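Morning, everyone. Please have the sequence and the model open while I talk.

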Amino acid sequence: MNEALRPFKDWLDYYPEKHLALSGHSPLIGYFCTYTPIEIIYAAGFIPIRILGESGPMEKVHTLAPSFICHYMRRGLEKALEGKYTYLSGLVQAYTCDVACGLTNIWAENIPLAFYHTLPLPYNRNPEARTYFRSILQELIEKMNTHGGRFSLEALDHSLKLYQQIRERLLDLYERRVSGQLDFSAKNMLMVVLAGFVTPPEIYLEHLRALVRQVQGRDDLTKTVSFPVLVSGSLIEDPLILETVEAMGFRVVADDLCTGLRSFYPVTGQGGDPLDRLINRTIDRFPCPARHRAKDRFPMLMDLVRRSGAKGVIFLPQKFCTPHLADYPLLAEAFNQEGLPHLLLEMEDSGLTEAHRTRLEAFLEIHGV
Amino acid sequence: MGKKESSQKRLQAAKDLNQLVFRYYQECLEAKTHGKPVGWMPPMNGAIELCYALDLQPVFPENWSPLCAAFGYTPENFRVSEGLGYSRDLCGYLRNIVGYVYGPMAKGGLPLALPEPDFLLSFGGGCVPAMKIFHILERRFPKAIVFSADLPQVAAEHVEGHHLTYAVSELNRLIDFLTQTTKRKLDMNRLKETVSLSDQASALWDEIMTYRRLIPVPFSAAEIGIMFVMVTRQGTQEAVDFLAQVRDEVRERAEKKTGVIEDEQIRLFWDNIPPWYNLGLLRAFEKMGGVVVAETYSSAWSIRLTGDDPIEALARKSLLSYSQVSCVSIKKRREDVLRACREYAIDGAILHRNKSCAPITLGQMDIQKALQEELAIPSVIIDGDHMDERNFSEAQFQIRAEAFMEMLKHKKGLR
């Protein structure tokens, strides 16, 4: 492994222990969805930590949640019930999907944290929506301040700049991969992004700076590329999934994942006032199906396809994920009209099954070069 | 699937409901010939009253789905939507309406049908399937003018002034859209009258529900179809008249102590949306001495529209309606369910684990625990789906229902 990647892997492998140690002096706040305004959480003096589901047993969760919700949310609750998130000071969640909302409610009933807060984000982008957006951010700030936060606009400005620098580096890596200037596997890219969800941002930025310096022109990827693809879905939590896909002969040249591009693009928002910058970035984000129409997503996905040279699309949503599954037929039809082959694989847990591999092989045989 | 349970001892008013339903859909189909633009919209928000006040024809695709289930249209609709690539894991309302608009609606020939929309109130702020239904409808009906509506998804007990302010601004935006696109003027007196009628309907609804506290209960959850008027007719005299008729009949039954069954032994509570394809299942307990006397859903229609400002009243209703059944905190749900169980003297609860509705299903197990720990009320979980019969096993239901009733009777010393 590239030495510059090791800190990211370390954080992913050992974040529970690291968080426990951190929580002694820096309070941590959990969140599920990347629409959560982590910049405000950080500006208030907390470290925002994304809840990860990962692979593992499901035992306790059966007593509180049905089986027909996504693996990610079920495993997150399972881990919380196992006592793995006792170090959190609170949980802040932007309402993006019904299941995340419902599970946040179940957490609030069963996992004793100092506070819970859900942000009802606006769907529109008109002036009234922006004014409303500002008011719910103010509400969050007040809530955080009553739980030990010390928010200031100066701190938010610093936080926005910090996260902007992080996102610029991630986007730089991503763009260089898309344009073919950098051989950096999808597995490694995913590992780097995932590590960012569980690493304090200042530390993460340092690791990213080192990585960007070291991977200049490096070639750590197999050259046996036969089929460049765009991968679209919600979360992919196991980098081995993308490693498997690439080992089969695909090259993941672009993604539409909330563990990928959607989490770091755009890098910042316009506006002089820090809250405006945050609001504008959120409103202008690369669209997630939980909040946007397939018809608005499609041109952006096609732009990714064209810029990356993808010759096909692999849809990899979590099973039971309503936003992605509801958009799939519309996107599939649109890709058909463009003559772009695509494949839908629903992930029942965090990994690929033999059936998935067989379908990937068939897809490659039919459409690969 | 076996023969569906036939309903007995129905309210006369509930039988009249069939005519009201038919009349409503006829009105929808004939609207354009009377120069009324047709708008498709989600239920449970203030757009309904606005449309009636502006003499527009509101159509509710979500409400159409239970009707399709009751009339047996769903298998064909599901076949069409699944053929288009819509996963069986998606909400049955979504799969049904998508199948309908891409299948039978185009072919015609059904006794009841929906007219094509002139405008769509496409929605961000309900549940995700409700939002996605309208995204798909936008594609299906490209000539329809789209209004992108928004509403804060906030739990009822967390509604603050800024949520209401935004909801009011969205309603004002909607008024501008409707008046401009349909060339109508909003008469504020007519809107006040419409809102007043809607409030009268809610008051009647509450009054009707209070009779269910009586023993024996004068009508059961199997009559929940009467809420059709609350979904489609709020703000009309027809809804008020119908509910007054229901109230009178229920009151008369209550005065005569006429129960749903001869010997009411066990009083039951139903949580979650009922199985629309077989509401008779709610009567399955009656042969065993049980009556489903209350359910989660009915509280959604209790929201009063008070105050001098009709737009603010509608905005408040919009905010509170949806969060009565979804995006509601477990704390609030627990309070509501436990209060209902106390008020209605409930012996046992049936928790419908509904594959078509994750928002309402999530939290059920916490409710189950609270029922047992705080009120010593036992409950049973029934796996099913409010739209898709394929996700429901009648045999499993019968076994669980019988065992549950035996346990409840034993607990009450009835056997």
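Is Phe177(B) buried or exposed? Phe177(B) counts as buried, at 10% relative accessibility. Keep in mind that this is a predicted model.

Stay with that residue. Phe177(B) forms an aromatic pair with Phe147(B). The ring centres are 5.1 Å apart, and the planes stand at 40 degrees, which makes the pair tilted. Phe147(B) sits in strand 4 of chain B, residues 145-150, and Phe177(B) in helix 8 of chain B, residues 161-182, so the pair ties together parts that are 30 residues apart in sequence. Phe147(B) is also buried, at 5% relative accessibility.

How many aromatic pairs does the structure hold over all chains? The count is 28. Another of them is Phe71(B) with Tyr73(B): the centres are 5.8 Å apart and the planes at 75 degrees, so this pair is edge-to-face. Phe71(B) is partly exposed, with a relative accessible area of 45%. Tyr73(B) counts as buried, at 13%. Both rings belong to one aromatic cluster, together with Tyr24(B), Tyr25(B), Trp64(B), Tyr100(B) and Phe228(B).

Now a neighbour of Tyr73(B). Leu110(B) touches Tyr73(B), and also Tyr100(B) and Pro104(B), leaving out residues up to four places away in sequence. Leu110(B) and Tyr73(B) are 37 residues apart in sequence, with their C-alpha atoms 9.1 Å apart. Leu110(B) lies in the loop between helix 6 (104-107) and strand 3 (119-124) of chain B. Leu110(B) is partly exposed, at 30% relative accessibility.

Over to chain A, and a sheet. Four strands of chain A form an open sheet, in the order 6-5-7-8, with parallel pairing. Strand 5 of chain A, residues 227-232, is joined to strand 6 of chain A by six bridges. In one of these, Phe227(A) has Phe250(A) as its bridge partner. Helix 14 of chain A, residues 354-367, packs on the sheet and touches strands 5, 6, 7 and 8 of chain A. The direction of helix 14 makes about 170 degrees with that of strand 8 of chain A.

Next, a charged residue. Arg74(A) lies in helix 3 of chain A, residues 71-81. Arg74(A) is buried but has no salt bridge. Where is the nearest side chain of opposite charge? That is Glu78(A), 7.1 Å away. The contacts of Arg74(A) include Met58(A), His62(A) and Pro66(A).

Last, the backbone. Most residues other than glycine have a negative phi, and most peptide bonds are trans. Here are some exceptions. The bond from Tyr265(A) to Pro266(A) is cis. Pro266(A) is in the loop between helix 10 (261-264) and helix 11 (274-283) of chain A. Ile215(B) and Pro216(B) are also joined by a cis bond. Met44(B) has a positive phi of about 65 degrees, and is buried, with a relative accessible area of 9%. Lys257(B) has a positive phi too, near 55 degrees, but is exposed, with a relative accessible area of 61%.

How values were computed. Residues are numbered from 1 along each chain as its sequence is written. Chains are lettered from A and ligands numbered from 1 in the order in which they are written. This is a predicted model: local features need pLDDT of at least 70, side-chain atom pairs count only at pLDDT 80 or more; totals for chains, interfaces and linings use all residues. Side-chain values use heavy atoms; hydrogens and water are left out. Two strands pair if DSSP finds at least two bridges between them. Helices (H or I, at least four residues) and strands (E, at least two) are DSSP runs, numbered from the N terminus. Contact means heavy atoms within 4.5 Å. Axes are lines fitted to C-alpha atoms, for helices over the stretch in contact, and angles run from 0 to 180 degrees between N-to-C directions. Buried means under 20% relative accessible area, exposed over 50%, partly exposed in between (1.4 Å probe, protein chains only). Lys and Arg count as positive and Asp and Glu as negative; His and the chain ends are not counted. A salt bridge is a side-chain nitrogen of Lys or Arg within 4 Å of a carboxyl oxygen of Asp or Glu. Rings of Phe, Tyr and Trp (its six-membered ring) pair if their centres lie within 6.5 Å; planes under 30 degrees apart count as stacked, over 60 as edge-to-face and the rest as tilted.
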